[in-house]
Amino acid sequence: MARPRKQGKKAVGIQARSGMLYILENEYEYEGGKKTRKRVWVSTGLKDTDENLQLAKDMRELRKHSRKNETLGRNTTIEELIERFLELKNREVANTTYAAYKYKLLYVTKYFGGVKVRDMDETKIMCFLDGLFTKDKLQPRTVKDIKMVFTAVMELAVEKGLLPYNPVKKVKISKRLAVLNKKRKNQSDSFFSYEEIRKFLAAVKDHPMYEFFYVTVFFALRREEALGLRWQSVRLNVKNPVLVIEHTVTVGTEINRLDTTKTESSRREFPLTEEQVKMFREMKKKEEHYRWLCGSSYHENDYVFKHEDGSLFYPDYPSKVFKQIVKANPDLPQAITLHGLRKSCVSLLVHQGWDFKEVMTWSGHADPGTMAKFYALVKEKETKQTISKGLEALIKPAEDPKPETEADNKEEVHEEEES
C-alpha cells in the first residue's frame, strides 16, 4: 500500500490538504479602521501529484494577473495600465512580439508616465504623436506602430471601465509632419542585382562567414532561419541530400530557439547539389578540428553556424559583420542590410527567368501581395540596368577637350612673332 503524501506547503502559495492542491490567497477586511488579513483556500480541483503541482503554479500566476487587473481603478496611471497590458500580452504573444510591444511603449511611458488614465484626452495624445516626429525624429512607420500599440493599451482602459471611449482612436497622425520627416530611400538599393551578388560573394570568398552568406543568399533564408540551421537538418548521408528549414533563432527580451518557422510556407526543404554537399562536409571537418583544438573548453551544440570555439552567434552578430563588409566595398549598395541577401536571391531567380509562383515557393513567402510588389521592383531594377548597358553601347558622352599645354602656348607665340 502506497504511503500517503505529506500535507502542507508544496510551493510558494500552494498547499496540500486531504490529497488535493489548494492556492492560498490573502483577502483584507477593514473593521473599525483596522486592516485585518484573512487567508483563503482556493481549490484547484487537482490531486496532489508532482505533475499537477506545475499546473497549480500556473493557475496561481493566472489568478495573480487577473486580480491585479481587477485592481485597476480611478487613480490608475498610464504607466500602471501599460504594465497590466504587457503582463497580459506576455502570455498571449510570442516573445519577439512582446519585446516589440515593450520597446514601442517606452515612448508612451516616458511621455505620460504618472498621468492618470482618467485625465487623458485627444489634445494630449496629439501633442505626444507630433513630438515623436519633431523631438524623437522617428519615421512615419514607427509612429504608426506606436499609435497602434497605444490604442490597444487604451482599449484595456475602456474594457475595465476607466474611460468611456478610446481617445487614441480619435486622433490621426499628422500627414504634414509625416511627409517632412520621412527619409527617402531608394528601394532598389535594398537588395543586390545579379552583378552585385557576384561582386559581394567574390569580396567575402576568404571570410570566415562566407558559408553563412552563401547559404543565406542561395536559399533565400531569413536571418533567424540561417542561424537556426542544425546538423540534424543538413541531411547529407541519404540518397538525395536535402537542407530542411524547421528551426529558428530570434531575439526578443531573450534569445528564442524554437522548432518553428515564421509561417507554414517558411518550413521548406531544399535539394543539395554535389558542391554544396562537399561544402557542408568540409565545414563539419573544420568543426571537428576546432573541437579538438579547444578540448574541454569547446561549447557543444548541434548548430551549423557558430564561432570557432562552438559558442553561438548572438542574433545581431551576422548583421554587424555584413554591414562592415558592405562598408568596405563602396561599389556595393550601402543601404542594404543582411535581410537584403534574401531579397537578392529573388533578384537572381528573376534574372534567370523563373516565374512568380516558382520564386515564391523557393523563398517561402506567405503573402502574395508583398511578393508581387518586390517581384515588380526586382524586374524594374534588372530592366533599367539592361537598358543602361544597351544605351551605353549606342550613346557615349562627349570627350572633354584636351587642356592646352605649355608647349602649345609656345608654338602659338612663335607663330605670332613670325607673322
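Lys306 counts as buried because its relative accessibility is 13%, where buried means under 20% relative accessible area, exposed over 50%, and partly exposed in between (1.4 Å probe, protein chains only). The model is a predicted one, in which local features need pLDDT of at least 70 and side-chain atom pairs count only at pLDDT 80 or more, while totals for chains, interfaces and linings use all residues. Residues are numbered from 1 along each chain as its sequence is written, and side-chain values use heavy atoms, with hydrogens and water left out.

Which residue does Lys306 meet in a salt bridge? The partner is Glu287, at 3.2 Å from N to O; a salt bridge is a side-chain nitrogen of Lys or Arg within 4 Å of a carboxyl oxygen of Asp or Glu. Glu287 belongs to helix H11, whereas Lys306 sits in the loop between H11 and helix H12 (317–327), so the pair ties together parts that are 19 residues apart in sequence. Helices (H or I, at least four residues) and strands (E, at least two) are DSSP runs, numbered from the N terminus. Glu287 is likewise buried, because its relative accessibility is 6%. Both residues also take part in a network of salt bridges that links Lys284, Glu287, Glu288, Arg291, Glu300 and Lys306.

Helix H11 (residues 274–294) contains a further pair, Lys285 and Glu282, which lie 3 residues apart, about one turn of the helix. Their side chains form a salt bridge with an N to O distance of 3.8 Å. Lys285 counts as exposed, at 55% relative accessibility, and Glu282 as partly exposed, at 39%.

Another salt bridge joins Arg230 to Asp259, with the closest N and O atoms 3.1 Å apart. Arg230 lies in the loop between helix H10 (223–227) and strand E5 (234–235), and Asp259 in the loop between strand E8 (255–258) and strand E9 (268–271), so this pair ties together parts that are 29 residues apart in sequence. Is Arg230 buried or exposed? Arg230 is buried, with a relative accessible area of 11%, whereas Asp259 is exposed at 58%. In total, the structure has 19 salt bridges.

The cysteines remain to be described. A disulfide is a covalent bond between the sulfur atoms of two cysteines. With the cut-off that the pair of sulfur atoms lie within 2.5 Å, the structure holds 0 disulfides. Cys294 is partly exposed at 22% relative accessibility, and Cys345 is buried at 2%.
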